[in-house]
Amino acid sequence: MSFSIESLPPNLAKIVQRFQRATDQKRRYEQLIWYGTKLKEFPEADKVPENKVAGCVSQVYVTATLEEGKVTYQGESDSQLTKGLVGLLIEGLNGLTPKEIVQLAPDFIQETGLNVSLTPSRANGFYNIFKTMQKKALELG
């Protein structure tokens, strides 16, 4: 099955297109770090084991709430690039229903070109963050 950007939720499609326009690795990294800077302040009280993403080299926390059937995430990481991945996912997934989030495949990361520039542990971290966000959406739904 070939990937279709049209099959992505609008926010995620926009993010993928933004990365596709970034012509080199350095620009992609700058873009990624920018997503990390957009994250809201993460409450210290939410830095608890049940919000910690397992399988990440860096410390990553994600929370999810449901408002009017739509999921809102918040996240944090102690690594700049990982924080960017969290920010990218939050930007792309916020406002979707739990069902929409659970049905998404993480393949879109390949379309950004980021997968080739991420170290294996960061790529693995991305999938772990994504899976954690899906699990939290499922629990809300």
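Which elements each supply at least two residues of the lining of the second largest pocket? β2 (70-77) and α3 do. The legends below treat the pocket, then the helices and the hairpin.

This is a predicted model, with pLDDT of at least 70 needed for local features and 80 or more for side-chain atom pairs, while totals for chains, interfaces and linings use all residues. Residues are numbered from 1 along each chain as its sequence is written, and side-chain values use heavy atoms, without hydrogens and water.

**View 1. Lining of the second largest pocket.** The volume is about 190 Å³. A pocket is an open set of points on a 1 Å grid over the protein atoms alone, where a 1.4 Å probe fits, with protein on both sides within 12 Å along at least five of seven lines; lining residues have an atom within 4 Å of a point. Volume is the space filled by probe spheres set on the points. Among the lining residues are Y35, K38, T72, Y73, Q74, G87 and E91. β2 gives the largest share, four residues.

**View 2. Packing of helix α2 (residues 25-37) on helix α3 (residues 80-93).** Helices are DSSP runs of H or I, at least four residues; strands are runs of E, at least two. The angle is about 70°, and the axes lie 6 Å apart. The helices are therefore roughly perpendicular (65 to 115 degrees). Y29, L32, I33, Y35 and G36 of α2 meet α3 residues including L81, L85 and L88; contact means heavy atoms within 4.5 Å.

**View 3. Hairpin of β1 and β2.** Strand β1 (residues 60-67) pairs with β2 in the antiparallel sense over eight bridges; pairing requires at least two DSSP bridges. T63 has Q74 as its bridge partner, and A64 has Y73. Two residues separate the strands, and E68 in the turn has a positive phi of about 50°.

Note on methods: Axes are lines fitted to C-alpha atoms, for helices over the stretch in contact, and angles run from 0 to 180 degrees between N-to-C directions. Angles under 35 degrees count as roughly parallel, over 145 as roughly antiparallel, 65 to 115 as roughly perpendicular and the rest as oblique.
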